[in-house]
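Biologist: Please pick one part of this model and go through its packing in detail.

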Amino acid sequence: MRRRLAGGPEWRLNGADVSDEWQRLFEAADAEPGSGEASAPPPPSPVVDASEPLEGTLRRVFGYHAFRPLQREIISDSLAGRDVFALLPTGGGKSLCFQLPALRRAGLTVVISPLIALMKDQVDALRSNGVGAACLNSSLDDAARRDAWRRLHRGEIRLLYVAPERLFAGTMLEELGRWQLGAVAVDEAHCISEWGHDFRPEYRQLSQLRERFPSVPFMALTATATQRVREDIVRQLHLREPATYVASFNRPNLTYRVEAKGQTADRIARLARARGGEAGIVYCASRNSTEALAERLVKEGVKALPYHAGLPPETRAAHQERFLRDEVQVMCATIAFGMGINKPNVRFVLHHDLPKNIEGYYQETGRAGRDGLPSECVLYFSPGDVAKQIAFIDEKTDENERAVASAQLRQMVHYAESSGCRRVSLLGYFGEEFPPGGCGACDNCLSPRQDYDGTVPAQKFLSCVYRVRQKSGFDVGLNHLVAILTGSEAEGVLRWQHHTLSTFGIGKDLSRNEWGAIGRELVRLGLLQQAPGQMPTVSLTAEGVATLRERRTVRLTKPREAPRATAQRPGAASGSIVCDEVLFEKLRRLRKRLADEQGVPPYIVFGDVSLRHMAREYPTTDRELLAVPGVGETKLRVYGDEFLEEIQEHVRANGRSSF
């Protein structure tokens, strides 16, 4: 019977026990850099026959039967020696674009990655598929570091993951030359651009790598980048006439909702319980709110932990590890959590507070449903959150930073308050047009908001803008207009004598938040326009002037109210893999036990997609199990017996369900 190797994530390959190879490596006298060893190590040779079709390598090593959009083209260009720029959405299969070529070319592929968690995750996944991989970072102890160097010097590593700062430390660049560098992949490449949402100065050093290895093909990959950021990535990395691939930003398996705040913690707890233990992330604006919400969820019977930069590093690492291993259902986190987390079975991403910009929001929601199964994204919105973000922006000392942050916030608020299709808004930000007719998978498409005759409040607001301009000869901001309408005796109102206007106090029947929402909708309708910059003044458009003078009817949208409690399971979207749920749960428990024995997260063993296919198809032979997505030859050897036995036992006791 095939058996797994005990004691760690190393695997039985080609019929030999890898533990024997470990012993040989530890007894070897290979030196670390600087020891005076003169001869270069042999370059890693291709482990795949070049005549094997790419689809054959994909199926045999990774267990997949078809490439995702653009993967084959990207891989082919990379193997042809071209530089490549690839923008693929989260869950679009970026990693495979450099992992598969590494198996078919001579030499070492170096992957630049920003986070230790991402490196470990991908190295574990590669090893589970029988691929030689290693990482070098500050988390390794001396024994692990020495072992990585030994394997590199023996030419046994196909892919080496390093952080940019580690790459330029000591003699690392010299060693790359000795290890026969074959390709460089820069993951999360948007980090190199200061126009991106996650700029990291250490990424700028990567231009030196191209200067040192001019003939080595480079690949830059990211999931989120505007046109400006894309151009900056190509320029900063000195990519040479790169083959450029930009996939759709659309994530069809995600549903998007925006809900009004109100008893939000209770609603999050209900959603998590309805999800039956499925994993989720809740993003919060502050450290205190992450801890308070996690504590509240635990009291409500939900396994939750906080994650933020104020926790000790060892605590953050422990909390993250428990989440990855399915020991905690919900992670309550600031934006410090998530980048590089490749947990594919996150079923919901919730935003307890308003994000700063759409780019960050898109990336954070993209952590849901990376395996392609239906998942949901909910933003809890309150106009009060807008005021908080404005206060944070006002604390910035750089005028340009304030202007950029203000513009980004306005776009985010537009998304939250818009009555239009959420996908149209999100994709439009990245310059992509979504087909007309709505997506059918967001709140505004599934349950369109009611509108009402808002002519009177619109006339009041437009008239106030006109009167301010008429009296003072200049325009003012949205908050100032709201202060006039609600009769506020704020210092600015009195200083400019705007309390003497005929529109002063004519809107006392509505709250400041309600007037703010009306003003922002009039901007979206094109009746008002906001000037760019950190102090965006509001003025009438030609359409607004005509509406005011001709007293045209204006239809406004009713804001969403906080939904009532419901026993329905949220996000039961179409496209889910219908299967034997009892068997699926049994396979999940088996996966968890095997993963704990190996010291890896459960999804390294098999993802939910694989388990659901098993629980639907009931494979009982090696051949049938190999037909399941995500089951390659190595995983069949390592895990096949246990999973086939579990399936056969279930069928004997319960029979097969019909789907």
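Modeller: Phe643 is buried, at 0% relative accessibility (buried means under 20% relative accessible area, exposed over 50%, partly exposed in between; 1.4 Å probe, protein chains only). This is a predicted model, in which local features need pLDDT of at least 70 and side-chain atom pairs count only at pLDDT 80 or more, while totals for chains, interfaces and linings use all residues. Residues are numbered from 1 along each chain as its sequence is written, and side-chain values use heavy atoms, without hydrogens and water.

Helices (H or I, at least four residues) are DSSP runs numbered from the N terminus. Phe606 is also buried, at 2%.

H25, H26 and H28 are among what covers the buried residues of H24, contact being heavy atoms within 4.5 Å. Those buried residues include Phe584, Leu587 and Arg588. Over the ring of Phe584 sits the charged end of Arg612, 4.2 Å from its centre (the rule: NZ of Lys or CZ of Arg within 6 Å of the ring centre and within 35 degrees of the ring normal). After H24 comes Gly599, with a positive phi near 75°.

Definitions and conventions
Helices (H or I, at least four residues) and strands (E, at least two) are DSSP runs, numbered from the N terminus.
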